[in-house]
Amino acid sequence: MKLNFRYQDKGTLIHKLNPFVKLAWVSSIVLLAMIFEHPLYLLLLFLATLPVVIAAKGWQEWLSLLRFVLYLSLVIIIINSLVMYHGTHVLLEFTFEIPTLGQPKITLEAICFGLGMSLRLLAIVSAFTILNLTVHPDDMLLAALKLRLPFKSVLATSLSTRFMPALIDDLGRLTDVQRSRGLEIDKGKLIQKIRSRGAVLIPLLSNSLDRTVQIAEAMESRAFGARKVRTYFREIKLTPFGLIQVVAGFLPLIFGLFLRFKGYGGYRYYPSLQKINLNWLELILMLVLVVLLLAILPLATKKRWSLD
Amino acid sequence: MIKIQNLTFSYAGSLEPVLKEINLTITDGEFVLLSGSSGSGKSSLVRCLNGLIPHFYGGRISGTVEVEGLVTINYSTAKLAIRVGLVFQDPENQLVTTDVEREIAFGLENLGLPRTEISKRLEEALDTVGIASLRYRSLHELSGGEKQKVAIASVLALKPQILVLDEPTSELDPQGAEDVLGIISRLNDELGLTVILVEHRLDRVIHLVDRLIVLDQGRIVADGQPAKIMRSQYEKLDKIGFGFPPLITLTQKLIKAGHQVNGLPLTVKEARTVLEAFFRAVKKPSSRINKKINKKPPGIPAIEVEKLWFAYQKEPMVLKGIDLRLCQGEFIAVMGRNASGKTTLVKHFNGLLKPGKGKVLVNGQDIKKLTVAELARQVGYVFQNPNDHLFADTVEEEIAFTLKSLGFENIATRVNNTLQRFNLTPYKKQYPRFLSGGEKQRVALASVLVAEPKVLILDEPTRGMDHGLKTSLMQFLKEYRQHGNTVIVVTHDVEMAAAHAERIILLSEGKVVVDGHKKEVLSRALLFSPQVNRILQGFEKYGVPQDILTVEETLDLLKEGGDGSVDNWG
């Protein structure tokens, strides 16, 4: 099934939430996923994104993206277990030798490490998906400008995302063109495969360059760069309540940093897996983190943000 | 007011100027049609008007271009934007944001206007173009015609006195084109905007414009009132491959045959008045012409379609139970509105799509059992944009690529033969993408036909093509068919279908609504008939046969059926 990964205004509470709040919340998750090592914490971060995805009615798009991440995770786990031999629990040992790495062996620890990394990746991708599915690209642009990022770079980024769907259409059409000429993209030896890809990618690249020139012409013709200071027709207004929401979005990050500072959330994979034993205090602290993470949902119901 | 004096321009890296000693004055409120074959310099001239040349495209320039008192070389394009608005060909590649409102505001924001002024101008622009209902829509949901209207509105919001449009309809379907041209002419009529329009569908606009300027190889070769130019410079323009609307050709041929014609008609309505006298004399030869539709005995089928159903996703159904039998040697035009399923249907013929339900047989073989590559030897497919075909370093390699993919032998000989057949031998070592439009089209065609498929599918081959290119493409197709091969074109081009196809298949909502000889399908229709037929529809009362579609047929009719009495009426 072909899915629309473009922003769609589904009118949910999450869509109506001020983009800054979503930015704050998503950066909290992403940063926490990077500083925590403990798989349980990473799992919590990942799970915390699910109710928000459901509230945003984006689970179909989310699922198909996540499927892709699962493939990627599999690759991570396989590669990691093939090249990291620090673990002590050897599951499989090969007899041949890889230069510089030595005799490959697959250890339980390496597999678990791969799993941990995948969990981290899942949490991060899931959080970004929420941002992509619920923030209008142009609002993203406005938000980035509010954060004092330079207009031209922001515009370039937003244009490249705007033309992504056109690029995907192009790719489909160009593949059809070359298949009609007898090209079998996935057949033959590696060299042949690369050549086949070239038959599609070279026109794709040239078409994109043509498109770039045309867009530039069109922008110049509409007074782009006429004035040093540009005005903006729409602006994201941050009401006092919105500000509270933004702070609430950052709260999990602050609390998480505190936890990490206190020594929670670390984990040792090598040489053998650290035992997981949680005391009551840590369980309560984790619960607090979850509550803070999910606080975005009740806050979202409170008030709509206004776009002028 | 635009004043161009002795303008000569060549792009950086090219010796031959694209514009040569152009002298031109355009006064306020004029509606100017700029015409000429591709490569004649139209687009370059248009880009001089708002300073894209020389500010965006470098090169060597001499002479001056003055717009509303500003010499363009001294002002950037961004500064000139409030005086000259430029709308481009491809609606897809001139929109910068993601929804209608933001798109129209984009230029105004660049000017640094306060928010209240932006809202005011936004309202005006939406209403002027009549797209207020689209206001909150996402651009990617809009049709090509709607996008082009948004592009016009976004330029108008800057309040330019001059509106320049570079082939604004060439990427649109007929309905979208009609809408856009209607708006353009209204802007000139009601707001008094100066409009400079580059357009190749002359029959749609020739009667609306005040002035026609024809470019050839960078020079202005004709400039004046359209009717006058069509009358006095027909021969000269015909020689440079100017694409006259059929009714002009018809009238001119009558004049050439020594008949007296009062005035030169530009519209179907005018033509009916001016030419009526000729047809009053026709003595009921309708029976004769009708018999000419030779109901050929059913030939050997090349492609058979049985109860074909197809959908890209679960919903909606794009093809709904299509039954067809396409025979060897036929020239078939598949027509119909956008999204009626034309392209989806023909993509089944070379296996790019596989039937959801039902069957498609190519030369008796079920396509479900064959790969696209296996079918490529039997069915060739040429896509609309030749650029999509081209990726190799040389023309020679481009053509050889198909043969290699398909595992042919004697590649060198086959490539050489094909190069000769398509007059490409001189270019064989050149980079295909740097060739001219017509040459690229030939390379794309050659790269498909080198595999000698018995069936050739072309998707919108004439869209955006000038008259000369169309003629040479049709010549190639004619030669191709002489060997008993089948041609299938997906097209909106009624005139082309009327002149060259035999059989027309009309699709609507995924179903075949009409399938028959062109004389049955394209006659007596309202907009779906060629211009000549629409003229003759007015003369049915005189017994003029209603299945005539082309200028040649009409002339034949007058020769034979007129009893030689045409002169009496002249």
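Domain bounds, as used in these legends, come from an automatic or database domain assignment, and the structure shown is a predicted model.

**Figure 1. Division of chain B into domains.** Chain B is divided into domain 1, covering 2–236, domain 2, which is made up of 246–280 + 532–569, and domain 3, covering 301–521. The secondary structure found along chain B comes to 24 helices and 20 strands.

**Figure 2. Overall dimensions of chain B.** Along its principal axes, the C-alpha trace of chain B spans about 70 × 65 × 50 Å. The radius of gyration of chain B is 25 Å, which agrees with the value near 25 Å that a compact globule of 570 residues would have. Buried residues make up 51% of the 570 residues in chain B, and among the contacts in chain B between residues at least 6 apart in sequence, 69% join residues at least 24 apart.

**Figure 3. Contact between domain 2 and domain 3 of chain B.** The centres of domain 2 of chain B and domain 3 of chain B, taken over C-alpha atoms, are separated by 35 Å. Where these two domains meet, four residues of domain 2 of chain B are in contact with five residues of domain 3 of chain B. On the side of domain 2 of chain B that touches domain 3 of chain B, the residues divide into two nonpolar, one polar and one charged.

Figure 4. Pro245(B) lies in the loop between helix H10 (234–239) and helix H11 (246–256) of chain B. Because 24 other C-beta atoms are found within 10 Å, Pro245(B) is buried, the cut-off for this class being 20 or more. Leaving aside residues up to four places away in sequence, Pro245(B) touches Leu202(B), Asp203(B), Ile206(B) and Gln531(B). Leu158(B), by comparison, is 87 residues from Pro245(B) in sequence and 35 Å from Pro245(B) in space, C-alpha to C-alpha.

**Figure 5. The side of chain B that touches chain A.** At this interface, 55 residues of chain B are in contact with 44 residues of chain A. The helices of chain B that each supply at least two residues to the side touching chain A are helix H3 (77–80), helix H4 (100–110), helix H5 (115–129), helix H6 (144–156), helix H15 (372–376), helix H16 (395–405) and helix H18 (437–449). H4(B) gives the most to this side of chain B, with seven residues. By class, the side of chain B that touches chain A has 29 nonpolar, 18 polar and eight charged residues.

Key: Residues are numbered from 1 along each chain as its sequence is written. Chains are lettered from A and ligands numbered from 1 in the order in which they are written. This is a predicted model: local features need pLDDT of at least 70, side-chain atom pairs count only at pLDDT 80 or more; totals for chains, interfaces and linings use all residues. Two residues are in contact if their C-beta atoms, placed from the backbone, lie within 7 Å. Ala, Val, Leu, Ile, Met, Phe, Trp, Tyr, Cys and Pro count as nonpolar, Asp, Glu, Lys and Arg as charged, and the others, Gly among them, as polar. Helices (H or I, at least four residues) and strands (E, at least two) are DSSP runs, numbered from the N terminus. A residue is buried if 20 or more other C-beta atoms lie within 10 Å of its own, exposed if 12 or fewer, and partly exposed in between; C-beta atoms are placed from the backbone. The radius of gyration is taken over C-alpha atoms; the globule rule is 2.2 Å times the number of residues to the power 0.38.
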